[in-house]
Amino acid sequence: MTDQAYNFAYLDEQTKRMIRRALLKALAIPGYQVPFASREMPMPYGWGTGGVQVTAACLTPDDRLKVIDQGADDTTNAVSIRRFFQRTAGVATTERTTDATVIQTRHRIPEQPLAEGQILVYQVPIPEPLRFLEPRETETRKMHELEEYGLMHVKLYEDIARHGEIATAYAYPVRVEGRYVMDPSPIPKFDNPKLAGNPAIQLFGAGREARIYALPPYSDVVSLDFEDHPFTASKADHACDLCGSGSSYLDEVITDDRGTRMFVCSDTDFCAARQAQGHCGRLSPQGDAP
Amino acid sequence: MYVAVKGGERAIDAAHAWLAEERRGDPAIPELTVAQIREQMALAVNRVMAEGSLYDPDLAALAIKQARGDLIEAVFLIRAYRTTLPRFGTSRPVDTAAMAVDRRVSATFKDLPGGQVLGPTFDYTHRLLDFALAAEGEAPPAPQAPARDEPVPHVTGLLDRDGLIEGQPADDTPAPDLTRQPLELPASRALRLQALARADEGFTLSLAYSTQRGYGRTHAFVGELRIGRVAVQVDLPELGFAVEIGEVELTECDTVNQFKGSRTEPPQFTRGYGLVMGQSERKAISMSLVDRALRWQELGEDFTGAPAQDEEFVLSHCDNIQSTGFLEHIKLPHYVDFQAELELVRRMRREAMQMQEAAE
């Protein structure tokens, strides 16, 4: 293997320093999008190049890395990114949320509450929460500068007028420390409450858009809403068919062509741990469903 | 019965092995060598060098081979390799007026100093399939002529002598590096040109074409198109003088564009500029048209809302590695988001139907 030709965790030290500076700035101004000189990575834009660069800048040889995509450790892209760091950094990896020091994620926050000292790295496709209201970066940066978020509230209000509720199910916008409106990446809004007051450091990397932003531990994060239409975190109204959890976010799986569905935890580590503890669901092999 | 999908790792390994087999094709057919691609697919190699921003025909040929002829994939391989290379320094600006031209044509003057040199062009070939190539016949040697040693000055320089074209004052500001600094808008012309030089050929072509059809029309003439080799010189601080480190092949296009003049300026032609690594006329001409369209503000023209005039639109979408990455990423799993949408749509439908029933 020729991997010795690359520096620890692939990026050269100068690049890591540049990213760490951006990370420090991002942590100092929670929710603010810091431009950084995003590099071309050996995986495509859209596959998590921002998250990978942030993870590379955070990793030390003693770290234990967990990578999830859609909550699962075994989705192909999670496997591929985990392998990338095994290969280029030689760090230990784990599937257990509690054992990980750095967790790179796409689209989910683990069910298991995180602890101080852990770092959660999000892969971000479009970091700008105002992008689909105003396509121009030159405009949206001005809107953030001036705290000009009226357009966002109008959009949410129009949702309510049209649909009776805010019709945003994922990438639900939040306000950080009463200042910046931030895109939490495309996590389901079910995960939004976990953004707030989280003891872990939360870092967001958008490679193609060359932006980094962050939530320091215990940040104040509020999902945008109205007094008479308060934010609600929602999920499928079922329990996991494998571990019986009634509080975890669920994937819906189509099991035949007659409309039969089953629901399973999207967080594979959470589900496996519960099953190991003896919890059962409707379709558990033991069959003793509640 | 659903079984949690395990084995992503095995699937990936198997997919890569299969891909390698498909890349090779029928093993009964001799394998292409990198040198064959470099020599016989030279325009593909040039495109990969230009959009990959790395002048190395051998690596570009290797990338084309590895990418099974998918040029954007090959550009990606080159970009990902290039990003790991250390930067030793910056060359002096190359002197394209001193180019050893293989081809040099002007559409604005019938004859001019340095002459019209047709060079190896498809321009006047009749596009009839040459079945002799299928039979692998060797082409007869081309007739030879001694190299002309007269200078080949730029057409725009000749126009500039009479003040007929806008001046181009020398600028010693160090060139920005798009690959080392995040793009910030508004961008300087130098930065725009840098982005366009590595932009997707198809995107640049379509934008340029749109200006010709009236979306930001700039009335362009190809003042000059030249292809040839230029020397690359680097200042070595230890020596105190510049040393030639090699040659690169470039395609340069200067367009001469209409300009009505203003209250403060007499009528004068304006410029669009294109410079591309390797031989790539289509890209160089396209680039110079888009460059000119993007200069509307500086030249006091109206913004008509044409895509080619819109700096943010052009610069944000011209890179094919960014575009293809984001486009293709939607095939990655999104079932968590989709699940959230499913729940929302189901709930809203339920509520809408209840309201309908209540109304009936």
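The legends below describe close-up views of a predicted model. Local features need pLDDT of at least 70 and side-chain atom pairs count only at pLDDT 80 or more, while totals for chains, interfaces and linings use all residues. Residues are numbered from 1 along each chain as its sequence is written, and chains are lettered from A in the order in which they are written.

**View 1. The two domains of chain A.** An automatic or database domain assignment divides chain A into domain 1 (3–223) and domain 2 (236–290). Their centres, taken over C-alpha atoms, are separated by 28 Å. In domain 1 of chain A, 14 residues are in contact with seven residues of domain 2 of chain A, a contact being a pair of C-beta atoms, placed from the backbone, within 7 Å.

**View 2. The largest nonpolar core.** This core, a set of buried Ala, Val, Leu, Ile, Met, Phe, Trp, Tyr and Cys residues joined through C-beta atoms within 7 Å, has 63 residues; buried means that 20 or more other C-beta atoms lie within 10 Å of a residue's own. A:Leu23, A:Leu59, A:Val121 and A:Ile212 have the most contacts inside it. Its largest share, six residues, comes from helix H1 (residues 13–28) of chain A, helices being DSSP runs (H or I, at least four residues) numbered from the N terminus.

**View 3. Helix H9 (residues 201–212) of chain B.** The buried residues of H9(B) are B:Thr204, B:Leu207, B:Ala208 and B:Thr211. They pack against helix H8 (189–197), helix H10 (281–294) and helix H11 (311–317) of chain B. After H9(B) comes B:Gly214, whose phi is positive, near 115°.

Notes:
Two residues are in contact if their C-beta atoms, placed from the backbone, lie within 7 Å. Helices (H or I, at least four residues) and strands (E, at least two) are DSSP runs, numbered from the N terminus. The expected span of a helix is 1.5 Å times one less than its number of residues. A residue is buried if 20 or more other C-beta atoms lie within 10 Å of its own, exposed if 12 or fewer, and partly exposed in between; C-beta atoms are placed from the backbone.
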